[in-house]
Every structure is written in structure tokens, then in C-alpha cells.
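I opened the model today and kept notes as I went. The entries follow in the order in which I looked things up.

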Amino acid sequence: MIKLSWSQRCTLQLCHRAYKYKYIDNIVPRSFNKALNFGSVFHELVATLYTKGLGEALKSIDASLAKVDTSSFQQDDFDELQWQTIVLNSMVLAISESYLAGDIADGFKVIEAEKSHIAKPITTATGRKIKGFIYECIPDLVIRDKDSFLWLVEYKTTSKIGQSYFERLQIDEQTNGMIYFLEKEYGEKFKGIIFRVIKKPGIRQTKKETSVQFFDRLQDVMTSRYGDYFFEQIFLRDEALIKEFEVNLEQTCKALRYIIKQELYYKDTSKCSLHKCGYLPLCCNQSGAEMLFEEKKAREEETSEQHF
């Protein structure tokens with residue numbers, strides 16, 4: 001049984017060889033900087049905030065910190081870890097005071113948060129399940145509004161943002177795929193998708209600042225310039241995009257079955273430097289390259305984009 005995810009599909013489209021390394025050989029580039037996986041921790045943080053409250057969300061940051069192996073850290077690594085921690089604390093406070101408070105005032109009810117959904121793709125012509133494949137997706141939030149409509153809510157962080165960013169979100173196949181499977185599970189149509197995008201601050205702690213002083217300054221900046229850091233975009237359900245996901249997923253299953261059977265794990269060298277592929281040492285047969293990789297841990301594919 002092959003378990004597909006959005007990250008797997010992206011990797012396959014980028015390079016068949018990288019797909020083999022990551023999902024057949026089950027190896028990923030070894031991380032020598034063990035700082036927090038910002039994106040993963042952020043999504044878990046949002047889920048905890050909505051289900052258990054601000055206090056538990058702040059505690060979860062400390063819990064994530066406790067898991068970081070700092071034995072091989074250089075000073076730059078410690079500085080990066082401290083910056084990430086302060087930014088995460090600042091973000092969760094801002095989200096609590098803005099989005100969460102607004103959701104409560106608007107009568108939104110959280111139905112689920114960061115829950116894994118596994119379903120079987122189907123053949124579009126017959127509606128039959130495709131043998132040998134399952135698909136997993138993990139929505140940030142599913143909420144029901146005061147009019148009893150279901151919404152998918154997705155939180156995202158980014159360093160850069162512009163009009164093109166939101167244009168891409170409108171046709172985002174990952175989230176339309178989530179709605180496709182969620183509607184089958186819930187047995188009702190979703191109203192649409194609410195994207196909440198937080199821009200990661202570029203400011204850093206100065207040498208004269210303590211951590212507390214930097215946190216206070218960061219809070220002041222993100223509060224006084226709220227519109228520069230927090231963005232919300234709402235897209236109503238689009239039947240055509242949801243149907244397109246169904247068709248594309250079927251095609252992916254067929255293509256992957258053929259690729260695996262024929263062992264067509266060729267390298268796409270046009271992507272090596274463009275996407276900063278972490279598997280380049282293996283492809284180049286560098287001496288000792290195997291020492292740069294380790295076995296992939298569970299759920300690691302959810303952040304696989306970092307390797308491209």
C-alpha cells in the first residue's frame with residue numbers, strides 16, 4: 001500500500017530520483033542544525049491554541065524546545081533557536097488576541113484541529129477505489145460558523161508576501177484536495193477556505209537587547225503594524241478546482257504505479273540548483289555522501305519542501 005500526501009506529489013513532480021531517496025529508500029538529508037522546525041511547530045501551536053487555550057500553547061513551545069538536541073550547536077545555532085522561540089511566542093499571542101478572539105466573537109465552533117485524514121483515491125470514470133493507494137491530508141482547522149456552514153481554515157507563515165502569493169492560494173490544489181476528502185467524510189459541502197497568512201518578522205535582536213526587551217519590541221512592532229504582518233483571504237468553494245484535484249490525483253496514482261514498476265527514478269538535473277536539492281551529494285556520488293543522510297522519521301514528509 002502506497003500512502004500519498006501533498007508533499008510526496010510535489011517531490012515526484014520535481015524529481016523521480018529524489019522521490020526514490022525520500023519515499024522508497026526512506027532517507028532524508030541529515031540536519032546538522034537542530035533548531036526548531038518552524039513550520040511544523042507553528043501548526044501544532046495553532047492547533048493547541050484553538051483546542052486547549054493560550055496557556056497550553058505557550059507550554060507547547062517549551063516542550064518543543066526541550067526536544068532540540070543542542071549538543072553540536074554553534075553560537076549561530078543558539079541565536080537562531082532563541083529568535084525562533086521569541087517569534088513563535090509573539091505570533092501565538094497575536095493570533096490569540098486577533099484571529100481566535102474574532103472567531104469566538106463571530107460564533108465559530110472548532111470541529112477539529114490538526115487531525116490526520118486518510119482516504120482512498122478513486123477512478124473518476126467509475127468511482128471505484130484505486131487499489132494500492134491511500135492519501136493523507138492534515139487540515140489546520142475545520143470550523144462551523146454561526147450559520148452552520150463548514151469552513152477549512154489554513155494558517156501559513158512566509159518570509160515574503162505579495163499579490164502573486166494570494167493568487168496562487170486561490171488555486172491551491174493542496175487545500176482543495178483537503179476539501180475534496182473532508183466533504184466525503186462529513187457528508188456535506190464546505191462553504192470555502194479561510195487562509196490566514198503571517199509574515200515572519202525580519203527584525204533581529206540587537207546586541208544591546210535582552211531577550212525580554214527584544215520580545216517587547218517585536219510585540220510592539222507586530223501590534224502597531226498589524227496590517228504588515230497579518231493577512232486573511234477567503235475563497236468560496238470552487239467545484240471545478242475540487243474536481244481537478246480528483247482527476248490529477250488519479251493521474252498521479254497511475255503514473256507512480258508505472259514509475260515504481262519500471263524503476264524510472266531518473267534525475268531531473270534542471271531542478272538541482274533551482275530548488276537546492278538536499279540529495280545532490282548522492283546523485284553526484286560524492287565520497288562519504290551516505291554519512292550526510294539519515295532514516296526519515298514519521299510525519300517528516302509534511303515538511304519535505306525544505307529539502308527542495
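**Entry 1: the whole chain**

I began with burial: buried residues make up 45% of the 308 residues in the protein. Buried means under 20% relative accessible area, exposed means over 50%, and partly exposed is in between, with a 1.4 Å probe and protein chains only. I noted that this is a predicted model, in which local features need pLDDT of at least 70, side-chain atom pairs count only at pLDDT 80 or more, and totals for chains, interfaces and linings use all residues. Residues are numbered from 1 along each chain as its sequence is written, and side-chain values use heavy atoms, with hydrogens and water left out.

I looked up the secondary structure next and found eleven helices and ten strands. These are DSSP runs numbered from the N terminus, helices being H or I with at least four residues and strands being E with at least two. The radius of gyration is 21 Å, close to the 19 Å that the globule rule gives for 308 residues, so the protein is as compact as a globular protein of that length. The radius is taken over C-alpha atoms, and the rule is 2.2 Å times the number of residues to the power 0.38. Along the principal axes, the C-alpha atoms fill a box of roughly 60 × 60 × 35 Å.

I also looked at contacts, meaning heavy atoms within 4.5 Å. Of the contacts with a separation of 6 or more, 77% are between residues 24 or more positions apart.

**Entry 2: helix H2 and the residue after it**

Which residues of H2 are buried? I listed His-16, Ala-18, Tyr-19, Tyr-21, Lys-22 and Tyr-23. They pack against strand E1 (2–4), helix H1 (6–14), E2, H10 and helix H11 (280–283).

H2 is followed by Asn-26, which lies in the loop between H2 and strand E2 (27–29). Asn-26 has a positive phi of about 65° although it is not a glycine. At 24% relative accessibility, Asn-26 counts as partly exposed.

I found another positive phi at Ser-148, near 75°, again in a residue other than glycine. Ser-148 sits in the loop between strand E6 (141–144) and E7, and its 45% relative accessibility makes it partly exposed.

**Entry 3: aromatic pairs**

How many aromatic pairs does the structure hold? I noted 17. Rings of Phe, Tyr and Trp (its six-membered ring) pair if their centres lie within 6.5 Å; planes under 30 degrees apart count as stacked, over 60 as edge-to-face and the rest as tilted.

The rings of Tyr-19 and Tyr-23 have centres 5.1 Å apart and planes at 40°, so this pair is tilted. Tyr-19 and Tyr-23 are four residues apart in helix H2 (residues 16–24), and therefore separated by about one helical turn. Tyr-19 is buried at 2% relative accessible area, and Tyr-23 is buried at 14%.

I then checked Tyr-99 and Phe-230: their ring centres are 6.3 Å apart and their planes are at 65°, so the pair is edge-to-face. Because Tyr-99 lies in helix H5 (residues 75–105) and Phe-230 in strand E9, the pair ties together parts that are 131 residues apart in sequence. Tyr-99 is buried, with a relative accessible area of 8%, and Phe-230 is buried, with 5%.

**Entry 4: charges over rings**

I looked for charges over ring faces (NZ of Lys or CZ of Arg within 6 Å of the ring centre and within 35 degrees of the ring normal). Lys-191 lies over the face of Phe-149, at 4.5 Å from the ring centre. Arg-204 lies over the face of Trp-83, at 4.0 Å from the ring centre.

**Entry 5: helix H6**

In helix H6 (residues 163–170), I found Tyr-165, Phe-166 and Leu-169 to be the buried residues. They cover an arc of only 90° around the axis, which puts them on the same side of H6. The arc is that of the directions from the helix axis to the C-beta atoms. Gln-163 and Arg-168 are exposed on the other side of H6. The cover over the buried residues includes strand E7 (150–158), strand E8 (190–199) and strand E9 (230–236).

**Entry 6: Asn-248**

My last stop was Asn-248, in helix H10 (residues 239–262). Apart from neighbours within four places in sequence, Asn-248 is in contact with Arg-9 and Glu-173. The side chain of Asn-248 makes a polar contact with the side chain of Glu-173, at 3.0 Å. A polar contact is a pair of N or O atoms within 3.5 Å; within protein, one must be able to donate a hydrogen and the other to accept it, and residues adjacent in sequence count only if both atoms are side-chain atoms.
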